[in-house]
Amino acid sequence: MKLLPCSAAKASSPAIQYSVEDELEMATVRHRPEALELLEAQSKFTKKELQILYRGFKNECPSGVVNEETFKEIYSQFFPQGDSTTYAHFLFNAFDTDHNGAVSFEDFIKGLSILLRGTVQEKLNWAFNLYDINKDGFITKEEMLDIMKAIYDMMGKCTYPVLKEDAPRQHVETFFQKMDKNKDGVVTIDEFIESCQKDENIMRSMQLFENVI
C-alpha cells in the first residue's frame, strides 16, 4: 500500500520479522476494544486488520498523527522521478476530513477503507472531494487543472510516451467539457458521478487518479 509505507517497509526488513500472530498480540495491548469496534463499524476492515494497520501506523508515526510535511516526505519516496509535493498536499487535505492540519489513524482508515473496498459511488465521492480543492461543493476547471498538473508533475519526465507541456490542459479541457452538462462553468457532484459512470473514456482517464493513490 503506497499510503502506508511504514507497514510495507517494516515487514520487509530482516531486523523485524513479526508473524501475524506476533503483530496481533502486540497490537492488542495498544488498543481499547471500544475504539476498535467503533472503527470496525465505520470501515470495511476487520478487527484483526485494524490491529495490524494500527501497529504499522504507530511504527511510522509514534505520535499517532501525521502532519502535512511528514505526509509529503512519505509520499515522495514512491515518486522519486518527479515532484509529488503539490499532489501530496491535495491528497493530505482529502484525508484530513476535519481540516485540523493532521491525519489521525481514524482519518487514514476511513479514507483507505473507501479507496480499497468502497463502492464505485463511494470512490467517486472521495475523488470529487479531492478535486474540489476549496470544498465549496463544485469543481471548477482551474481546480481540475491544478490537480492534473500536480499528477503530471509527480509522474515526472520519465513517462512513455513523453508528455507534452500542454498535456494537462488538453486533458482537462476534454474532461471538463464532458462533465459540465449544463455548461455553467462548474461541475457538481451529480454531474461528476453521472459522467464518470456513463462515459467509458472518462472512467479510463480516472485510472490515472487511481494509479497514484
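## Close-up views of a predicted model

**View 1. The whole chain in outline.** Of the 213 residues in the chain, 41% are buried. The model is predicted. Its secondary structure consists of twelve helices and four strands. Among contacts in the chain with a separation of 6 or more, 61% are between residues 24 or more positions apart. The accessible surface of the chain is about 11,600 Å², and carbon and sulfur atoms contribute 53% of it.

**View 2. Helix 7, residues 105–117.** This helix has 13 residues. From the first C-alpha to the last, helix 7 reaches 17 Å, close to the 18 Å expected at 1.5 Å a residue. Its buried residues are Phe105, Asp107, Phe108, Ile109, Gly111, Leu112, Ser113 and Leu115.

**View 3. The ring pair of Tyr54 and Phe105.** The aromatic pairs in the model number twelve. Tyr54 belongs to helix 4 (residues 47–60) and Phe105 to helix 7, so the pair links parts of the chain 51 residues apart. Tyr54 and Phe105 are both buried.

**View 4. The aromatic cluster around the pair.** Ring pairs join Tyr54 and Phe105 into a cluster with Phe57, Phe71, Tyr75, Phe79, Tyr87, Phe92, Phe95, Phe108 and Trp126. Phe105 and Phe108, both members of this cluster, are also among the buried residues of helix 7.

How values were computed: Residues numbered from 1 in each chain as written. Predicted model: local features only at pLDDT ≥ 70, side-chain atom pairs only at ≥ 80, totals over all residues. Heavy atoms only, no water. Helix = DSSP H or I, 4+ residues; strand = E, 2+ residues; numbered from the N terminus. Expected span 1.5 Å × (residues − 1). Buried < 20%, exposed > 50% of the residue type's maximum accessible area, 1.4 Å probe, protein only. Phe/Tyr/Trp six-rings, centres within 6.5 Å; stacked < 30°, edge-to-face > 60°. Contact = heavy atoms within 4.5 Å. Areas by Shrake-Rupley, 256 points an atom, 1.4 Å probe, with all protein chains shown as cover.
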